[in-house]
Amino acid sequence: MMLALEMYRSPAKYLAAKAVGGRIPGVLTGPAAPLRLVTINEPKAEREGWARIRPILSGICGSDLGMVTGSTKLYFSAVVSMPFVPGHEIVGELLDDCEDLPKGTRVVMDSVLTCAARGVEPCEGCVSGNTNRCDRITVGHVAPGLQTGFCRDTGGGWGNLVVAHRSQLYAVPDGMSDERAVLVEPLAGAVHAALRAKVQPGQSVLVSGAGAVGLFTTLALRELTQAGRITVVAKHAKQRELARAFGASDVVAPDEVFRGVRRSTGAFRLKQDFSGGEFLLGGVDVAVDAVGSKNSIDTVLRVTKAGGRVVLSGMPASGADLSPVWFRELEVTGTYASAREEPNGRPAFETALELAGRAPLDGIVGARYPLYRWREALDHAHSAGRLGTVKVAFDVRAS
């Protein structure tokens, strides 16, 4: 048996959380939360290539918060299996030998449950190395689940035990702290986003959002591409400080985006009738939305030059105005998780481990909570930007 936070199906709580959870943060950890701290059976690693892992730290991701608050779209309901233990940002210790990885090895996990993990013939995405595009995430000997942390069979990082396939695991270097290692999964996502952005030498880039996704994407853009000016949209003082430390050329507040991009690119700024909205003729070459909100998506679409590229790195909300996509012939690209073979020919996790070892990440994990303080942890994560925190994590060993 093990202690875990469990997400369970409750249409009533989903609707309640969707109605008020985003506006009243305390509600998402109160009666409207379809989440509970329980003692449940440990997941089993009974097939070849699978092993048990004892989580050490497990991060709280924006997609986790979206799940609890009801903002995650029902589109994803077909690719999860409930009840499940959340948590896909994990550093843990192997409890079993796993092929070439001996028991006791600290590991991080690519959470996507691909064909290799499911024991099925590889799909087109997996054959090409684009494992994040796997088409078999609902079949095989594992219950449906796009990732570990959304599958009832595997457990997740918000519990005392999780099982994983060798194809998901990467050994953590001996000198790397747990606080840095738990950031490897979101860093891998940022590596994927930066490379999918296809930034050409000297091109201008806007990153909308300075939470973990936006900050890590800024870091990856600066480290892995030859981007010219990188402008980051940040609300809070600590976010502005970190954006500059991670490579931003300019940092602007949300209400300064149009003015700042117009000034740096020489674009023309136009205002719409009646609505008070605005947009640019001209603008940045590439824009990355790292928030997923309607306002953020509208902004990146309206400040990107004709023929430019917009990268959706945050899980997108509905309601964005797509007029600029048509009128300015924008290329819109999604980025989900990370791939085993990125455009640089390497797994994103290998590059992310290197970044985690050398980037200025001390203090990025700003708070650690045991599982029994999950309500405080989720409230903190929901208000992380305002509180000057980038990443909140569960300290599973303290649970």
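**Close-up 1. Helix 8 and its buried residues.** In this predicted model, A212, G214, L215, F216, T217, T218, L219, A220 and L221 are buried in helix 8. The helix runs over residues 212–224, 13 residues in all, and its first and last C-alpha atoms are 18 Å apart, close to the 18 Å expected at 1.5 Å a residue. What do the buried residues of helix 8 pack against? Their helical neighbours are helix 7 (184–196) and helix 9 (237–245). Their strand neighbours are strand 8 (205–208), strand 9 (230–233), strand 13 (284–289) and strand 17 (391–395).

**Close-up 2. The region that UniProt annotates from residue 212 to residue 341.** An unreviewed UniProt entry places the feature "domain: Alcohol dehydrogenase-like C-terminal" at residues 212–341. Over this stretch the chain is 35% helix and 26% strand, with 23 Å between the end C-alpha atoms.

**Close-up 3. The hairpin of strand 11 and strand 12.** Here strand 11 (residues 268–271) pairs with strand 12 (residues 278–281) in the antiparallel sense, over four bridges. If you are looking for a landmark, K271 stands opposite E278 of strand 12. Six residues lie between the strands of this hairpin, and F274 takes a positive phi near 70°.

**Close-up 4. The contact between domain 1 and domain 2.** The chain is divided into domain 1, made of 2–172 + 363–398, and domain 2, which covers 189–334. Their C-alpha centres lie 29 Å apart. The contact takes 12 residues from domain 1 and 14 residues from domain 2. Between them the two domains bury about 900 Å², and carbon and sulfur atoms give 72% of that area. Which three residues supply more than any other three of the area that domain 1 buries against domain 2? They are K73, I364 and V390, with 41% of the area on the domain 1 side.

Definitions and conventions: Residues are numbered from 1 along each chain as its sequence is written. This is a predicted model: local features need pLDDT of at least 70, side-chain atom pairs count only at pLDDT 80 or more; totals for chains, interfaces and linings use all residues. Side-chain values use heavy atoms; hydrogens and water are left out. Helices (H or I, at least four residues) and strands (E, at least two) are DSSP runs, numbered from the N terminus. The expected span of a helix is 1.5 Å times one less than its number of residues. Buried means under 20% relative accessible area, exposed over 50%, partly exposed in between (1.4 Å probe, protein chains only). Contact means heavy atoms within 4.5 Å. UniProt positions are given in the numbering used here, feature names are shortened, and annotations may be inferred rather than shown by experiment. Domain bounds come from an automatic or database domain assignment. Buried area is the accessible area (1.4 Å probe) that two parts lose on being put together, summed over both. Two strands pair if DSSP finds at least two bridges between them.
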